[in-house]
Amino acid sequence: MNYETLVKLKKLLISIATSAPFTPNITKLSEKVGVSRNTLIQAIKILDRAGLVNELYKDTSGIGVLTKPEKLFINNTNLMYVLAKDNINIGNIRETFFLNQFKGIREINLSNESDFIIDKKYTFEIGGKNKTKKQIATLENAFVAKDSIEIGFGNNIPVWLFGFMY
């Protein structure tokens with residue numbers, strides 16, 4: 001891999017780290033980074049295998065895993081602070097943290113109704129202390145993972161508790 005390619009991969013990582021969360025438009029992103037569409041898809045797969053990004057799909061069954069990911073997240077919040085410096089969205093930090101804790105120990109996908117679905121059974125909406133259950137009110141096994149709260153109640157769980165899963 002040459003130096004020019006490494007610079008382009010760093011541009012890609014910075015774009016992902018500064019977005020909230022990153023929904024890739026492969027054509028536009030390939031122009032921004034300066035690589036072909038196929039090269040970009042391959043680069044994303046390599047960055048995922050290297051543990052620098054997490055690809056997330058709505059459903060990993062069928063041919064879904066062969067297409068572009070629905071969303072891209074930096075692997076962990078520490079990388080976000082290194083790559084994005086002061087240009088970080090708090091919602092992206094919360095979702096990245098949550099995803100990082102579940103990735104590798106449970107099946108995690110994007111949900112149509114909320115942020116994430118775990119093992120195709122448990123739905124999670126991630127937010128700050130004022131996040132309501134409105135978005136998930138009609139769903140079974142649905143929870144709100146809230147930031148800036150110390151104690152959970154009912155279906156509200158402090159997001160920091162998921163750090164114990166690491």
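Helices (H or I, at least four residues) and strands (E, at least two) are DSSP runs, numbered from the N terminus. With that in hand, let us walk through the model. It is a predicted one, in which local features need pLDDT of at least 70 and side-chain atom pairs count only at pLDDT 80 or more, while totals for chains, interfaces and linings use all residues. Residues are numbered from 1 along each chain as its sequence is written, and side-chain values use heavy atoms, with hydrogens and water left out.

The protein has 5 helices and 7 strands, and their order along the sequence is α-α-α-β-β-α-α-β-β-β-β-β. Along the principal axes, the C-alpha atoms fill a box of roughly 50 × 40 × 25 Å.

How much of the protein is buried? The share is 42% of the 166 residues, where buried means under 20% relative accessible area, exposed over 50%, and partly exposed in between (1.4 Å probe, protein chains only). The accessible surface comes to about 9600 Å², and 53% of that belongs to carbon and sulfur atoms; such areas come from the Shrake-Rupley method with a 1.4 Å probe.

Now to the interior. In soluble globular proteins, nonpolar side chains tend to be buried together. A nonpolar core here is a set of buried Ala, Val, Leu, Ile, Met, Phe, Trp, Tyr and Cys residues joined through side-chain atoms within 4.5 Å. The largest such core has 21 residues, and Leu12, Ile16 and Ile74 touch the most other members. At least two residues each come from helix H1 (3-18), helix H2 (26-33), helix H3 (37-49), strand E2 (71-74) and helix H4 (77-84), with H1 giving the largest share, 5 residues. Apart from this core lies another, of 14 residues, including Leu56, Phe73, Leu110 and Phe124.

Beyond its neighbours within four places in sequence, leucine 12 is in contact (heavy atoms within 4.5 Å) with Leu29, Val33, Leu40, Ile44 and Leu47. Its C-alpha atom is separated by 38 Å from that of threonine 138, 126 residues apart along the chain.

Isoleucine 74 brings us to another stretch of chain: not counting residues up to four places away in sequence, it touches Leu13, Ile16, Leu79, Met80 and Thr96, among others. Where does threonine 96 sit? Threonine 96 is found in helix H5 (residues 90-102) and is buried, at 1% relative accessible area.

Finally, turn to two loops. Most residues other than glycine have a negative phi. Lysine 120, however, has a positive phi, near 55°. This lysine 120 lies in the loop between strand E4 (116-118) and strand E5 (122-127), and counts as partly exposed at 48% relative accessibility. Serine 148 also has a positive phi, of about 65°. The loop that holds serine 148 runs between strand E6 (142-146) and strand E7 (156-158), and at 56% relative accessibility serine 148 counts as exposed.
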